[in-house]
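Subject: Structure for you to look through

Dear colleague,

I am handing over the structure below, and I would be glad if you kept it open while you read what was found in it.

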Amino acid sequence: MNDPDSGVKPPVSGARDAGNGALPKRSRRRKGKQAGARIPSTVFPSAGQSAGPTGATERPPTADGGDAARRNKRRRRGKGGGSENVRPLAPVGQRDAQASEQPQAEGRHADGRKGRRKHRGRKAAPKPAPAGAAASAAVAPAPEPRPVREAMAEPRRDPAPAHHRPAEREPNDSPFYAALDLGTNNCRLLVAQPTRPGQFRVVDAFSRIVRLGEGLGASGRLSDEAMDRSVEALRICAAKLRNRNIRRSRLIATEACRSAENGELFLARVREETGLELEIINRETEARLAVSGCSSLVGRETKSVVLFDIGGGSSEIAVIRIGENRSSRLANHITHWTSLPVGVVTLSERHGGRDVTPESFSNMVSEVEGMLAAFDCPSDSAVQAPDDFHLIGTSGTVTTLAGVHLDLPRYDRRRVDGVWLSDDEVTAMQARLLSWDFSTRAANPCIGPDRADLVLAGCAILEAIRKRWPSQRMRVADRGLREGLLTDMMADDGVWRRGRHRRFHRGPRKPEGQAS
């Protein structure tokens, strides 16, 4: 029968059974409980006892007074920590020494109970120690300030400047890099800090559609309205750059300023009104920067890639062959490249981008195909190995296709960048956009009114590229020249190489949050 205080009691046997057989078992248990009812407590088993099948403690039958004394003794030993079963992992020799030293260290009374209650819940209270121990404790350094002292000593061990330190450990001390791309249709700025090798964290960004190349195909000059829009956007970029301590920056202008008669005069105006010094890059540099910006999207299993950047006034195409020894810079594997003097702005102005019919769309595709025909580059080898070959598109056209394909309620770069589209999906999306009128395209959140008259011209350029290099899949990249500029500047400065070398000599890393 179970006792709520003591568990299961063993059966009465031997001489005790003969002497007390006339007494009822119930009254004998009740007398034992009444004697100890004044101080209820949990009973700990002694060294010679064992638990029953239910884990309850069994006690041998004794006299009533003896039961109460043993219960008080077990209670004192359980509260005072003197029982052997309280610390079963301690060796026997240490257990005896601790049991003999603990009453003096804790200042308990002889019964081991009053002093324990006095110090209950006061773990932080200092305990009395010998004079020699107090003197040595005053000289020895406390354990808490030790990491602080080590952190203060780090600059003495490694006097490297802040921009050589790994940015994932000290992001606030990493240098700032800035890249600005003034294109035919957009003005874009990125400010970033290096993090892990080959990666960086964007701390500020700006993008605005300025249409600098509007009317350029007909007049050969930049219009006053287009230059005014661009200067206004560049003023915002200049303010962002002044607010940060930029270690290194590169500001570029592409096809619009490259082909316009008054391109140099416009850049002089920009320098005077904003203080920004822009450089006009050539087509080869533009193609290499586009490849550098998308290098992280080319997997190790890929052997060949055709990367294209459909811009506003030109379209860059790079054919990449990757051998056994892959370089850290993907641009080193470019075997052929070209820059077509056609973009979404110039093509839509020649053929009309607002109301596009299947006939006008086919004419745009044919024009781009004629330009690609002059590009001397083999295309048969890529088709023979479809598993190792794919297309990479980095432009507003392919990101728009991906956003519409994903049916996003609002354009989300995190979901678009790096997404894969099959050949059938690209064909279906182009047919879908071609079936929409201008108002339907403008109402789509991934297109908007600013791109509604340009997106089909971009689809025509994409269609010509797909006919020249057929592929079963295409990867979408929401990145481009700015990312390539940042990657090249950081690699030239060696921030990732030095950060990796320093991290190897700093010992094991401590757990930390993920960097942005």
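Tyr-411 sits in the loop that runs between helix H16 and helix H17, the latter covering residues 413–416. Please keep in mind throughout that this is a predicted model. With a relative accessible area of 29%, Tyr-411 counts as partly exposed, because that class lies between the 20% limit for buried and the 50% limit for exposed residues. Although Tyr-411 and Cys-446 are 35 residues apart along the chain, their C-alpha atoms are separated by 5.1 Å. Cys-446 is also one of the residues that Tyr-411 touches, and the others, once residues up to four places away in sequence are set aside, are Thr-399, Val-416, Pro-445 and Asp-478.

Is Val-298 buried or exposed? Its relative accessible area is 6%, so Val-298 is buried. Val-298 and Ile-392 are separated by 94 residues in sequence, and in space their C-alpha atoms are 8.6 Å apart. Ile-392 is among the residues touched by Val-298, together with Val-305, Ile-322, Arg-326 and Leu-330, again without counting residues up to four places away in sequence.

Strand E8 itself, which covers residues 304–310, contains Ser-304. Ser-304 is buried as well, with a relative accessible area of 8%, and beyond the residues up to four places away in sequence it touches Ile-320, Arg-321, Asp-388, Phe-389 and His-390.

The next part concerns helix H18, which you can find at residues 423–435. H18 has 13 residues and reaches 19 Å from its first C-alpha to its last, which is close to the 18 Å expected at 1.5 Å a residue. Which residues of H18 are buried? They are Val-426, Met-429, Gln-430 and Leu-433, and because they fall within an arc of 100 degrees when H18 is seen down its axis, they line one face of the helix. In general, an α-helix has 3.6 residues a turn, so residues three or four places apart point the same way. On the face of H18 turned away from the buried side, you will find the exposed residues Asp-424 and Ser-435. The buried residues of H18 pack against several elements, including helix H16 (396–405), strand E12 (420–422) and helix H20 (455–468).

On the side of H18 the contact is made by Asp-423, Val-426, Thr-427, Gln-430, Leu-433 and Leu-434, while H20 contributes Val-455, Leu-456, Cys-459, Leu-462, Glu-463 and Arg-466. Sorted by class, this contact has seven nonpolar, two polar and three charged residues. Glu-463, which belongs to helix H20, is buried with a relative accessible area of 18%, and apart from its neighbours within four places in sequence it is in contact with Val-365 and Gln-430.

Finally, for the protein as a whole, the secondary structure comes to 22 helices and 13 strands, and 43% of the 516 residues count as buried. Among the contacts with a separation of 6 or more, 71% are accounted for by residues 24 or more positions apart.

With kind regards

Notes
Residues are numbered from 1 along each chain as its sequence is written. This is a predicted model: local features need pLDDT of at least 70, side-chain atom pairs count only at pLDDT 80 or more; totals for chains, interfaces and linings use all residues. Side-chain values use heavy atoms; hydrogens and water are left out. Helices (H or I, at least four residues) and strands (E, at least two) are DSSP runs, numbered from the N terminus. The expected span of a helix is 1.5 Å times one less than its number of residues. Buried means under 20% relative accessible area, exposed over 50%, partly exposed in between (1.4 Å probe, protein chains only). The arc is that of the directions from the helix axis to the C-beta atoms. Contact means heavy atoms within 4.5 Å. Ala, Val, Leu, Ile, Met, Phe, Trp, Tyr, Cys and Pro count as nonpolar, Asp, Glu, Lys and Arg as charged, and the others, Gly among them, as polar.
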